[in-house]
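Hi,

Here is the structure I promised to pass on. Have a look, and then read my notes below.

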Amino acid sequence: VITAASSGNGGAAAAAYAARAGLESVILTTPQFPLTMRAQMQSYGSKLLATSTIAGRWKIVVLGVEKHDWFPIQNFSVPPIGANPFALDGCKTMGYEICQQLGWRLPSWVFAPIGSGDSMVGTWKGMQEWLQLGLVEPGYGMPRMGAAEVFGSLKDALARDLDHTEEQQTGPSVAISVAVSNSAYQSLRVLRETDGIAEVATDEEMIDMQLELAAEEGIYTEASSALALAVAAKALRQGRIRDDESVVVILTSSGIKDPGVTAEALPDIPLIEETEEALAEALADVYGFELA
């Protein structure tokens with residue numbers, strides 16, 4: 001039995017791979033997670049259960065691991081240490097793809113949305129191994145990693161020069177996938193080894209970036225992914241990224257995962273009469289768009 005505590009992305013992936021391998025999966029979540037992800041995980045045949053708190057999910061995972069020999073793929077320790085090594089090796093493919101798509105080169109920076117940080121750590125691990133194997137064009141070293149957070153446990157640890165992360169005060173967030181009180185030791189270690197940075201973004205910054213990315217590039221990503229792009233943009237404004245440096249930002253899921261948070265920032269759809277006058281008035285009033 002494969003098990004994990006997840007708000008959606010990791011749990012959906014675990015359920016899908018378990019189904020393909022003919023294994024059972026038990027995924028623990030909370031009642032606040034999006035309906036879309038619930039349907040996705042249950043469609044794969046996962047036994048989906050909810051606890052009232054995030055920490056409560058881990059208690060059930062521990063019970064399953066210690067008493068029933070379930071196989072955990074994600075962190076379930078408090079304070080968090082990191083994911084199962086097999087799960088991190090799966091995330092290495094993101095590092096491989098980045099290198100291949102850049103013509104066997106590595107970027108200057110890689111930014112990722114961070115909960116426990118499995119995607120960032122796995123990406124770093126993949127790129128590091130390819131460097132060691134000589135598969136990267138000569139002259140390229142490891143990118144600096146950028147951790148995009150909601151509540152800033154990694155940012156706090158770096159600022160205070162801690163050898164561990166500490167739990168931060170939390171609250172409601174549009175970034176449901178990564179809105180955790182504490183990140184994992186594995187992520188702090190990667191940031192230190194790559195001279196990386198950690199930064200936070202507000203709900204407003206995430207939604208603004210989500211809408212800007214969708215309108216300008218045709219990419220509708222979830223708020224938890226827009227977080228990484230908002231943090232990268234902030235680092236650029238702060239002068240932490242040079243103009244001549246290349247930057248890769250990892251987007252982890254579609255905005256269709258939780259469209260409700262986007263809808264709250266969008267105008268109501270005007271109901272119009274079937275006339276040119278009504279068309280022109282609605283376009284101008286609601287969207288600031290003038291008919292030619």
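Which helix does Val61 lie in? Val61 is in helix α3, residues 54–68 (helices are DSSP runs of H or I with at least four residues, strands are runs of E with at least two, and both are numbered from the N terminus).

Before the rest, some housekeeping. This is a predicted model, where local features need pLDDT of at least 70 and side-chain atom pairs count only at pLDDT 80 or more, while totals for chains, interfaces and linings use all residues. Residues are numbered from 1 along each chain as its sequence is written, and side-chain values use heavy atoms, with hydrogens and water left out.

Back to Val61: buried or exposed? Val61 is buried, with a relative accessible area of 2% (buried means under 20%, exposed over 50%, partly exposed in between, with a 1.4 Å probe and protein chains only). Leaving aside neighbours within four places in sequence, Val61 is in contact with Thr3, Ala4, Ala5, Leu28, Pro72 and Phe76 (contact means heavy atoms within 4.5 Å). Leu28 is 33 residues from Val61 in sequence, and their C-alpha atoms are 7.5 Å apart.

Now the sheet. Four strands form an open sheet with parallel pairing, in the order β3-β2-β1-β4 (strands pair if DSSP finds at least two bridges between them). β3 (47–50) and β4 (71–72) are at the edges with a single partner strand each, so one side of each has no neighbour in the sheet. Strand β2 (residues 25–29) runs parallel to β3 and is joined to it by 4 bridges; Thr29 stands opposite Ala50 in β3. Helix α1 (residues 9–21) lies across β1 (2–5) and β2, at about 170° to β2 (axes are lines fitted to C-alpha atoms, for helices over the stretch in contact, and angles run from 0 to 180 degrees between N-to-C directions).

Last, a pocket: on a 1 Å grid over the protein atoms alone, an open set of points with protein on both sides within 12 Å along at least five of seven lines, where lining residues have an atom within 4 Å of a point. The second largest pocket is lined by Met94, Glu97, Ile98, Gln101, Leu102, Val248, Val249, Ile250 and Leu251. The elements giving two or more residues to that lining are α4 (85–101) and β8 (247–249), and α4 has the largest share, 4 residues.

Cheers

Notes:
On a 1 Å grid over the protein atoms alone, a cavity is a set of points where a 1.4 Å probe fits but cannot get out, and a pocket is an open set with protein on both sides within 12 Å along at least five of seven lines; lining residues have an atom within 4 Å of a point.
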